[in-house]
Amino acid sequence: MNLWQLFQKLKPFVRPYRLLVIATLILTLIGSLTAQVNALTLQYAVDSINRLVEAGQGLAEGWQILITISAILLGKEIINAFVQFGQKFYGEKLRIFVSQDLAQGIIEKFLTYRLAFFNQDNNQAGKLQTRIDRGIGSLTRLVQIFFIDILPLFTSAIIALGLMYWANFYVGLVASAIVPIYFWLTYKQAQKLGSWRRNLRDGRERKSQGILSIINSITVIKSFNRENIESDKQLKLQKELTDNQMHTRQTSFLFDGLKTFIEQIGIVLIIILTAYFVLDGQMSIGMIMYHVLLFNNVSAPIRSLHRIYDEVNDAMIYSESFFQILEADDEIEASGAQKPAIRGQFNLSGVEFYYPNGHHALKNIEMCIQPNKITALVGLSGAGKSTLISLLDKFYEPQQGSIQLDGVDLKDIDTQYLRDHIGLVLQKNHIFQGSIFDNIRYGKTDATQEEVIQAAQKASIHEQILQLPQGYDSDALMLSGGQQQRIALARMFLKNPPIIFLDEPTASLDAIATEQIKQSLDEIKQGRTVVIISHSLSQIIDADYTYVMKEGAIAEHGEHDTLYHQDGVYKEIFDAMAKSLNIEKIARTFEDDAEEETHS
Ligand code: ADP
C-alpha cells in the first residue's frame with residue numbers, strides 16, 4: 001500500500017470532520033506566515049542599527065527602532081500563541097475523533113465475521129489485538145503527523161524558500177539544493193529499515209501472543225513446573241526483538257548523523273554566499289541574519305522528515321494489516337436473504353468441509369434431521385461432530401454439498417434470523433464478565449427479572465444463586481464449571497428457540513447436577529428439533545435417531561435398537577461406554593441391595 005492509497009482509505013474516516021480540517025488548514029497558513037516574521041524583523045533591526053552606527057548616531061536615535069522591533073515580535077508571539085493553541089487543539093480533536101471512529105468501525109466489522117476468520121493462523125486473539133491496537137495507533141498518528149506536524153512545517157518551509165529566492169536567486173538555489181540530498185538520505189534510511197521494521201512488528205505480535213498463551217495456560221504450566229521453559233521461550237522472543245531494535249537504532253543514528261552534517265554544510269554555504277554578496281555591495285549586512293533564519297525554517301521540517309518518514313512507514317505497515325481486517329469482507333450476506341418459517345428439518349447432502357488450515361473435517365455427509373425429534377451424534381472424539389454442528393449454525397460454510405433447513409439452502413437464510421431460532425449449548429460455555437443476572441439475560445436482552453429467575457429455576461441453579469452473598473448480582477466468573485454450565489442452560493431456556501444443539505452439555509457436571517439438568521432438558525426437548533452430541537448413555541438411548549460418525553464421515557445411522565444389533569461402530573462405542581461405567585458391578589450392587597431388602 002502506498003501513501004496515496006492509504007489516504008484514500010482514511011478519507012471516509014476524516015470526511016465527517018471537514019470543518020475541523022478547514023479550520024486547521026487556515027490556522028496553519030497564518031502560522032506559516034508568522035514563522036517568517038523573525039527573519040524579516042531581525043534583518044530590519046541589523047540593517048537599521050548598522051546604518052545608525054555608521055552615521056555615528058547612538059541610543060538616542062535608536063530607541064524608536066527598538067520599540068518597533070519589540071512591538072512586532074511581541075505582536076507576532078501573541079498571534080502565534082493563539083494560532084498554535086487552535087492548531088494543536090483542532091488537530092488533536094480531529095485525531096481523537098478519527099481514532100474513536102476507527103476503533104468502533106473495526107469492532108463493528110469483525111463482529112460480523114465468520115468463525116473461519118478467527119481461526120486463521122494470523123488472526124489469533126493476541127495477534128489480532130496487536131494489529132488492531134497498533135493499526136489504530138499508527139493511523140491516528142498519521143492524521144496527527146499530517147495536520148499538526150508536517151503541514152505547518154512544510155508550508156512554512158515553502159514560504160521561507162520562496163522568500164530566499166525572492167531575495168536572491170543563488171541563495172535560494174543553494175537552499176533548495178540541500179533538500180533533495182536530504183530526501184534521498186531519508187529515503188535510503190527508510191529503505192534500509194523497512195524489512196527490520198516488519199520483523200519488529202512480527203516480533204511484537206508474537207510476544208503478546210506468547211504472553212496471552214502463558215496467562216491462558218498458567219495452571220498447566222505450574223502443575224508441570226514448566227515455568228523455566230515458558231520463560232526461556234519468552235527470552236528467545238525478547239532477544240530477537242532486542243537484536244532487531246538495536247539494529248534499527250544503529251542504522252537510524254548513522255543516517256541522523258549524516259543528515260545533520262549535510263544541514264550544517266547548507267548553513268555554512270549560505271553564510272559564505274551571503275557574505276560574498278554583502279562584501280560585493282549587492283546586499284545589506286542584515287541579509288546574513290535573514291538568510292540563516294529563513295534556511296532554518298526550510299531545514300526544520302526536513303530535520304523531522306526522517307521521524308515523519310518512520311512514522312508514515314510504521315503507519316503503512318500497521319495500517320496494511322488493519323485494513324486487511326477491516327476489509328476482510330468475509331461475511332457478506334447474499335442480498336435478499338430469506339426469513340422462512342422454521343420447522344426444523346435439516347437435510348444435508350454431499351457435504352464436504354475443510355478447516356482454514358486444510359484439515360478435511362467432514363466427508364460426504366448425507367443426513368436428515370427430523371423436526372421435533374431428538375437426533376444424537378455419536379462418535380469418538382475428533383470424529384467431526386462439533387464441526388457438523390458449527391455448519392448447521394452457519395459458523396462455517398461447506399465447500400461442497402448443500403445444507404437445507406426446511407427446504408431452503410442455509411446460504412440463503414438470513415444468518416441472524418437463523419441464529420435467533422437456534423439455541424446452542426456447548427460443553428464449556430462462555431461466561432462474560434458481569435453479574436449472573438446479566439449473563440442469563442444475554443439470552444433475551446429485554447427479559448424481566450421474573451423471566452430470568454424462571455429460567456434459572458428450570459436450569460436448577462436458582463437455589464444456589466440465592467445462597468451467594470450477592471445473589472443474582474454476584475460475579476458469574478466466580479461460579480464453578482458446573483454452575484457456569486447451568487447459567488448457560490438458563491440463558492438458552494430464556495431464549496426459548498425451536499431448534500437446539502447440545503454439544504456434550506453435561507460433560508462437565510457432577511452426577512446430581514446432570515440428573516437435575518436432564519429433567520430440565522427433557523422438558524425443553526418437547527416439540528423441538530434437538531441435535532445432541534453426548535457421551536452419556538442415557539442421553540443417547542433417549543434419542544429418536546442416531547448418526548454415528550467416524551473420521552469425518554457417517555459410519556452408520558438408525559434407531560438405537562437397530563444400530564446396536566448391527567455389530568458395528570455404534571455397538572463398539574456403546575459397549576465401551578457401558579464398560580467404562582462399570583455397569584455390571586453397578587447392576588450387581590443394585591441387585592444385592594434389592595436382595596437385602598427382600599430378605600429383611
Ligand atoms: P468432535 O466434536 O467429534 O470431537 P470436532 O468436530 O471438534 O470433533 O473435530 C473434528 C476434526 O477437526 C478434528 O480432527 C479436529 O482436530 C479438527 N478441528 C476442529 N476444529 C478445528 C479448527 N478450528 N481448525 C482446524 N481443525 C479443526
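**Close-up 1. Strands S6 and S7 pair in the parallel sense.** Leu424 has Phe501 of S7 as its bridge partner. Strands here are DSSP E runs of at least two residues, and helices are H or I runs of at least four, numbered from the N terminus. Two strands pair if DSSP finds at least two bridges between them. This is a predicted model: local features need pLDDT of at least 70, side-chain atom pairs count only at pLDDT 80 or more, and totals for chains, interfaces and linings use all residues.

**Close-up 2. S7 also runs parallel to strand S8.** S8 spans residues 529-533 and is joined to S7 by 5 bridges. Phe501 has Val531 of S8 as its bridge partner.

**Close-up 3. S7 is buried on both faces.** In a regular strand the side chains alternate between the two faces of the sheet. One side of S7 carries Ile499, Phe501 and Asp503; the other carries Ile500 and Leu502. Because 5 of the 5 residues of S7 (residues 499-503) are buried, the strand is largely enclosed by the rest of the structure. Buried means under 20% relative accessible area, exposed over 50%, partly exposed in between (1.4 Å probe, protein chains only).

**Close-up 4. A nonpolar patch lies on the surface.** Leu19, Ile22, Ile26, Ile30 and Ile79 form the patch, with about 480 Å² of accessible area together. Helix H2 (residues 18-34) gives the largest share, 4 residues. Leu19 is found in H2. Leu19 counts as exposed because its relative accessibility is 69%. Patch residues have over 30% relative accessible area and no salt bridge; nonpolar side chains (Val, Leu, Ile, Met, Phe, Trp, Tyr) are joined within 5 Å, like charges within 9 Å. A salt bridge is a side-chain nitrogen of Lys or Arg within 4 Å of a carboxyl oxygen of Asp or Glu. Areas come from the Shrake-Rupley method with a 1.4 Å probe; for residues, only the protein chains shown count as cover. Residues are numbered from 1 along each chain as its sequence is written, and side-chain values use heavy atoms, with hydrogens and water left out.
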